[in-house]
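Hi,

Here's the structure I promised to pass on.

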Amino acid sequence: MHTKTHIKPTHKAVKQYLAEKKKLARADVRHEMGTRMAFQGLLAETAKAPGWMLVPELAMKAGGRTVRPDGAVRDEFNVPRGFWEAKDTGDDLAGEITKKLKKGYPATNIIFEDTQRAVLIQDGRTAMEADLGNAQQIADLLNAFYSHEEPGIDEFERAVDEFKERVPDLATGLTQRIKEAHQNNKAFQQAFARFFDLCKASLNPNLRPDAVDEMLVQHLLTERLIRTIFENPDFARRNVIANEIENVIAALTSESFNRQDFLRSLDRFYVAIEDAARSIEDWGDKQHFLNTVYERFFQGYSVKAADTHGIVYTPQAIVEFMCASVEQVLKDEFGQDLASPEVVILDPCTGTGNFIINLLGRMSKRHLEAVYRERLFANEVMLMPYYIAALNIANAYWELTGKYQPFEGLCFVDSLDMAEHAQREMFTEANTERVERQKAAPITVIIGNPPYNVGQLNENDNNKNRRY
């Protein structure tokens, strides 16, 4: 909950607004472009009270089209918290409001005003009306506007879609905090430099620092969601990569911002998504659920990342078909099954781990532990799906055996680069050991769905894949 504002009728900005209105009236200025500057100045000044900022003419997507309210008030994390739309003094304000809302203007928290009167719409309903010639009513209007908190979301699909829409704003705000920390936070600079070197060794020697910044953003935006969906409160400590990144995050948040305050703006999305996850019992349905959240996150977070890495999850029916085909070929052509000692399996681009999970369900319980510990490997190069796969696969094993055992065969590494270069230490010793164990393993089966996008379509995209 953000600090409630207490703007008084005697506030300097309120007095200034009323004075500006008198000047406009004397000059007989009634058209919107002439009158709206007064209210814009009022919002720009009073938005500073909760630490926010007015952004005029902010374009935004609504119902497949672009709308452009006269102003949007953004909080410290770059999230729009309210909107403003000015109309001509001679307009039918009620009719204009109806037209704008039908067009897709946000109805969560928006002020419509015509210099004489203001209507505050919150959560789709009229919350209050104010006489803009009355200082007390102006103060009441602003306090209600700045104090609004969005309600929870009931439907999972809507929560995920709104989360997708919110992610770019949050990511932009967080990226700016990280950029500032690169300049003036020595603890962060040292922690980041070490982590960056490890990333180059493990993932790509040509990796750019801003790509690692994106990893931190992904981690901060999704760590709670992944942890709570899997009911694994120790996730960040037990996962070898999450633990490494947490060290960098700790240095970042020590000076740059408060992590809890940042994440609070996502509470309503997290809660809706987490509630939906708790209601799902079928494991296949849970896979679809996670894939949907994962895919929509990247569609909102980074269109380029989704494009370069081919981020569209493999439908469960295709996963089922491919795994059944491998099982049948092993039987018909080699006289083996998935759990045979000679069968060592690798999913080189595992995504969220769907292929490994399907294979586990096809193996006899008697051999499952040995296969899980010794003959099953998977790699992932992107942080968020790596996290999901780590918990997804361990959770599947727990459901099949009743035992919780982290999946030690999962590596945070670029599969297609492993054989080409002698690599240095990879993040932690645990991840290094996993990679070396995989490289020494006699892999006999490779299954999965590698990234389908071989390269950028336009040189101007600046979105090249690796040369291989």
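Two bits of housekeeping. This is a predicted model, so local features need pLDDT of at least 70 and side-chain atom pairs count only at pLDDT 80 or more, while totals for chains, interfaces and linings use all residues. Residues are numbered from 1 along each chain as its sequence is written, and side-chain values use heavy atoms, with hydrogens and water left out.

**Salt bridges**

I count a salt bridge when a side-chain nitrogen of Lys or Arg is within 4 Å of a carboxyl oxygen of Asp or Glu. Over the whole structure the search turns up 19 of them. Helices (H or I, at least four residues) and strands (E, at least two) are DSSP runs, numbered from the N terminus. For accessibility, buried is under 20% relative accessible area, exposed is over 50%, and partly exposed is in between (1.4 Å probe, protein chains only).

Start with Arg 36 and Asp 70, whose side chains meet at 2.5 Å, N to O. This pair links distant parts of the chain, 34 residues apart: Arg 36 sits in helix H2 (residues 32–46) and Asp 70 in the loop between strand S3 (65–67) and strand S4 (71–74). Arg 36 is buried at 10% relative accessible area, and Asp 70 is buried too, at 5%.

Next, Lys 100 and Glu 85 form a salt bridge at 3.8 Å, N to O. Lys 100 counts as buried at 14% relative accessibility, and Glu 85 as buried at 3%. They also belong to a network of salt bridges that links Glu 85, Lys 87, Glu 96, Lys 99 and Lys 100.

Glu 320 and Arg 362 make another, with their closest N and O atoms 2.9 Å apart. Glu 320 is in helix H14 (residues 316–334), and Arg 362 is 42 residues away in the loop between helix H15 (354–361) and helix H16 (365–374). Both ends are partly exposed: Glu 320 at 41% relative accessibility and Arg 362 at 22%.

**Two helices with a buried side**

For the lengths, the expected span of a helix is 1.5 Å times one less than its number of residues. H14 has 19 residues and should span 27 Å, which agrees with the 26 Å between its end C-alpha atoms. Its buried residues are Val 319, Cys 323, Val 326 and Leu 330. These cover an arc of only 55 degrees around the axis, so they lie on the same side of H14; the arc is taken from the directions from the helix axis to the C-beta atoms. The face turned away from that side carries the exposed residues Ala 317, Phe 321, Lys 331 and Glu 333.

Helix H1 (residues 12–26) has 15 residues and reaches 22 Å from first C-alpha to last, close to the expected 21 Å. Buried in H1 are Ala 13, Val 14, Tyr 17, Lys 21 and Leu 24. Their arc is only 100 degrees, which puts them on the same side of H1. On the face turned away from the buried side are the exposed residues Lys 12, Lys 15, Lys 22 and Arg 26.

**Positive phi**

Just after H1, Asp 28 has a positive phi of about 55 degrees. Thr 115, in the loop between strand S6 (109–113) and strand S7 (117–122), has phi near 80 degrees and is buried at 8% relative accessible area. Asp 123 has phi near 55 degrees, lies in the loop between S7 and strand S8 (125–131), and is partly exposed at 32%.

**A cavity**

A cavity here is a set of points on a 1 Å grid over the protein atoms alone where a 1.4 Å probe fits but cannot get out, and lining residues have an atom within 4 Å of a point. There are two cavities of 30 Å³ or more.

Cheers

Conventions:
1 Å grid on protein atoms, 1.4 Å probe; cavity = no way out; pocket = protein on both sides within 12 Å on 5 of 7 lines; lining within 4 Å. Points joined across faces, edges and corners; volume = space filled by probe spheres on them.
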